[in-house]
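Colleague: I'm new to this one. Can you bring it up and talk me through it?

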Amino acid sequence: PSPGGPAVTLPRSSAVPPTGSAGAGSEWVSACALSSLGLLIILVVASSVAVWGLSKAKRRSDTSSLEKASREQLMPGKGQ
């Protein structure tokens with residue numbers, strides 16, 4: 001056989017992990033997927049809380065401006 005024969009088969013056999021490390025690889029993949037899923041959930045929750053807070057603050061400012069406008073309509077002289 002030519003000297004290139006074993007050199008070609010060696011990387012192929014080393015690329016295929018042994019049965020023991022195959023389980024560890026799948027565990028690593030599942031752990032990575034779980035952590036990325038957790039990060040995604042945290043990101044979604046944080047953004048929804050931020051949007052809720054902004055809408056609540058906007059609603060509060062709209063309400064206060066409405067109260068101020070109605071107060072000025074009731075007592076136009078005391079508005080300033």
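Colleague: What is the mean pLDDT of the protein chain?

Modeller: The mean is 74, and 64% of the residues reach 70 or more. pLDDT is the predictor's confidence in each residue, from 0 to 100. This is a predicted model, where local features need pLDDT of at least 70, side-chain atom pairs count only at 80 or more, and totals for chains, interfaces and linings use all residues. Residues are numbered from 1 along each chain as its sequence is written, and side-chain values use heavy atoms, without hydrogens and water.

Colleague: New topic. How many helices and strands?

Modeller: Two helices and zero strands. Both are DSSP runs, numbered from the N terminus: helices are H or I with at least four residues, strands E with at least two.

Colleague: Which residues does UniProt list as "transmembrane region"?

Modeller: Its unreviewed entry lists 28-54; such annotations may be inferred rather than shown by experiment. That stretch is 100% helix, with its end C-alpha atoms 39 Å apart.

Colleague: And leucine 43, buried or exposed?

Modeller: Exposed, because its relative accessibility is 57%. Buried means under 20%, exposed over 50%, partly exposed in between, using a 1.4 Å probe and protein chains only. Leucine 43 sits in helix H2, residues 19-74.
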